[in-house]
Amino acid sequence: MSIPQELKYTKEHEWLNVVDGVATVGITAFAAESLGDIVFVQLPSVGDTVTAGEVFGEVESTKSVSELYAPVDGEVVEVNEATTDTPELINSDPYAEGWLLKVRLSGDVPALLDAQAYAVLTQEN
């Protein structure tokens, strides 16, 4: 399983890509594979605020329910409705079509893992 080099990662298996002060957030392929077939996603609404380290939603799979943790502080500016309509996108394409939300940053991005450190965390090197 390939870990995109340009993204940042959390120890809770979320990924983050910041462009012009807006962070796109999703869960990693490692997390999606570990969860199994994702059947339901609960996400915040546009305009909601999220806080780094706090729960912002959940994913339900055939194996379990897992909470999603915000990697940054900010305001939700877009939610990927495709993942709520077709949750299996998170399994099939977690780094592209399966992104979850976009957050306009309200502060600095905390220290996150790069791809190499995430590979070590997941023992995928």
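**View A. Pairing of strand S8 with strand S5 in the predicted model.** In S8, Gly74 is the bridge partner of Val50. The strands concerned, S5 (residues 49–50) and S8 (residues 74–79), run antiparallel and are joined by two bridges. The structure shown here and in the other views is a predicted model.

**View B. Pairing of strand S8 with strand S9.** Strand S9 comprises residues 101–105 and runs antiparallel to S8, with five bridges joining the two. Within this pairing, Glu78 is placed opposite Lys102 of S9.

**View C. The open sheet S4-S6-S7.** Three strands form an open sheet in the order S4-S6-S7, and their pairing is antiparallel. Strand S4 (38–42) and strand S7 (65–69) are the edge strands, each pairing on one side only. On average, and with direction ignored, neighbouring strands of this sheet are turned by 25 degrees against each other.

**View D. Detail of the S6 and S7 pairing.** Strand S6 (residues 55–61) is joined to S7 by five bridges, and the two strands run antiparallel. Gly57 stands opposite Leu68, a residue of S7.

View E. Asn80 lies in the loop between S8 and helix H2 (81–85). This residue counts as buried because its relative accessibility is 8%, below the limit of 20% that defines the buried class. The side chain of Asn80 reaches the backbone oxygen of Glu97 at 2.9 Å. When neighbours within four places in sequence are left aside, Asn80 is in contact with Leu43, Glu97, Gly98, Trp99 and Leu100.

Technical notes: Residues are numbered from 1 along each chain as its sequence is written. This is a predicted model: local features need pLDDT of at least 70, side-chain atom pairs count only at pLDDT 80 or more; totals for chains, interfaces and linings use all residues. Side-chain values use heavy atoms; hydrogens and water are left out. Two strands pair if DSSP finds at least two bridges between them. Helices (H or I, at least four residues) and strands (E, at least two) are DSSP runs, numbered from the N terminus. Axes are lines fitted to C-alpha atoms, for helices over the stretch in contact, and angles run from 0 to 180 degrees between N-to-C directions. Buried means under 20% relative accessible area, exposed over 50%, partly exposed in between (1.4 Å probe, protein chains only). A polar contact is a pair of N or O atoms within 3.5 Å; within protein, one must be able to donate a hydrogen and the other to accept it, and residues adjacent in sequence count only if both atoms are side-chain atoms. Contact means heavy atoms within 4.5 Å.
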